[in-house]
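Please look through the structure shown here before reading on.

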Amino acid sequence: MAGEDGKISEDSKKEFSKWVTKNKIFSGGEKAYKNIDAEGRVYSSVSLRAPEPRADPKFFEPLLHPVTGRPCPVPPNGFSRTPETLRAMIEREEILFGQDEKTQPRQKRYLQEDTNRQLSSVIQDATRGKTWLDALGLSDFPYCHSVSFYETLMGAVLTDPFDIALDFFAGSGTTGHAVISLNRNDGRQRKFILMEMGDYFDTVLLPRIKKVTFAPKWKGGRPQCLATEEEAERSPRIVKYIRLESYEDALDSIEFEQASEQMELTEATNEYFLKYMLKWETKGNETLLNVANLASPFCYRLRVHVNGEKQERAVDVAETFNYLLGLKVQKREVYADKGRRYLVYRGETRDRPDHNVAVIWRETEGWTKADFSRDRDFVAQNNLSEEADTVYVNGDSAILGAKPIEPVFKDRMFASMNS
């Protein structure tokens, strides 16, 4: 409470200190900021002692008490700052003096929005990681870490509002769970990238991220409450997951251009399976993507090995092209023209951040000249290439100024082979 002069009263300072000290939700580091000055600025008291004994005598020059004018005690190892720095800190009112010269001066460290504290060398967290999975109704992962433990670690490291957590061995997804919880608590927009090759990606990790995104509290596999409006605002909007083609899957998809006794295909190939063309004699065993069928980009499939069996999986060639192009997607739109589907991506490439790109995908197999004219008119009428410096389009096209996707796709996918 402020006094008549607008300053914080002494009674208010004591009440504030008492409230912070007794508040159980604050950690020890947070409780250090239990002081408030007359201007209403929260601060902690920090020692000015040097971590190791100083050799230069200037670090042992005493500070004079502002009231008595007498020298104050010097820390045993000397001051951690030079005399010039200490004088500047006194002018900024960042030095705490006692009632007289008998008290050793200390630093006055103000609490700010970007204030960080050193991570404790001992973290006390007795919560079992399995408890968090049991609450979500997921029990197919025998060992995992506590979410609260990860929140402590990443809360100390991911200090920028837009930091990204990268976990190469994601396991049950504790890292993603912790990042979502941190964002809900402090309103930041951290992101996470998780990588996992185990079967529990489908049985544990992905269901966990979906459930935590949907609701903050679970018990026995059921949400205990829906997210508040504020929590929903701070929750993920989109969680994208990508399955990478394995080496074995790539080998299974090789198609030899010329038949020979050594290169005999024992399996019929579907027209819309993702295939690679191996020009054995002329290309030095170079594997090339068969992009001839990108006229039907939404039909591609890939044969993959899952638990010793071959399965068919859809292939998102549109997303693949975005990665190859280095496109930072800003907008994804879907249009329909009397049964025809258009998928449009807009963004900037990483190597040319001020260069606007539009990538247009549609089914063109079997189109006639009239169909391409209709396609050109639909793109123009709906401004699909509006404000784009470069427009990419799959298959043949009558769209003015559009570049074909296929050459770029092939060049980027095998750039390392050509270099």
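This is a predicted model: local features need pLDDT of at least 70, side-chain atom pairs count only at pLDDT 80 or more; totals for chains, interfaces and linings use all residues.

Residues are numbered from 1 along each chain as its sequence is written, and side-chain values use heavy atoms, with hydrogens and water left out.

The protein contains 13 helices and 18 strands; these are DSSP runs numbered from the N terminus, with helices being H or I of at least four residues and strands E of at least two. Of its 419 residues, 36% are buried. Buried stands for under 20% relative accessible area, exposed for over 50%, and partly exposed for values in between, with a 1.4 Å probe and protein chains only. Among contacts with a separation of 6 or more, 56% involve residues 24 or more positions apart, a contact being heavy atoms within 4.5 Å.

Helix α7 (residues 200-214) packs with helix α6 (residues 174-186) at an angle of about 10°, and their axes are 9 Å apart. Axes are lines fitted to C-alpha atoms, for helices over the stretch in contact, and angles run from 0 to 180 degrees between N-to-C directions. The two helices, α6 and α7, are therefore roughly parallel to each other; angles under 35 degrees receive that description, those over 145 are roughly antiparallel, those from 65 to 115 roughly perpendicular, and the rest oblique. From α6, Thr174, Gly176, His177, Ile180 and Arg184 meet Arg208, Ile209, Val212, Thr213 and Phe214 of α7. The contact of α6 with α7 comprises 4 nonpolar, 4 polar and 2 charged residues. In this classification Ala, Val, Leu, Ile, Met, Phe, Trp, Tyr, Cys and Pro are nonpolar, Asp, Glu, Lys and Arg are charged, and the others, Gly among them, are polar.

Helix α4 (residues 129-136) also meets α7: their axes come within 10 Å and cross at roughly 70°. This makes α4 roughly perpendicular to α7. Trp132, Leu133 and Leu136 of α4 make the contact with Val204, Arg208, Lys211 and Val212 of α7. Here the residues divide into 5 nonpolar, no polar and 2 charged.

Attention now turns to the rings. Rings of Phe, Tyr and Trp (its six-membered ring) pair if their centres lie within 6.5 Å, and planes under 30 degrees apart count as stacked, over 60 as edge-to-face and the rest as tilted. By this rule there are 11 aromatic pairs. One of them joins Trp367 and Phe372 edge-to-face, at 5.2 Å centre to centre and with 70° between the planes; both Trp367 and Phe372 are buried. Ring pairs also link Phe321, Trp361, Tyr392 and Phe409 into a cluster.

Two loop residues remain. Most residues other than glycine have a negative phi. Lys338, in the loop between β14 (327-337) and β15 (340-349), has a positive phi near 55°. Lys338 is exposed, with a relative accessible area of 80%. Asn383, in the loop between α11 (369-381) and β17 (390-393), likewise has a positive phi, of about 55°. Asn383 counts as partly exposed, at 39% relative accessibility.
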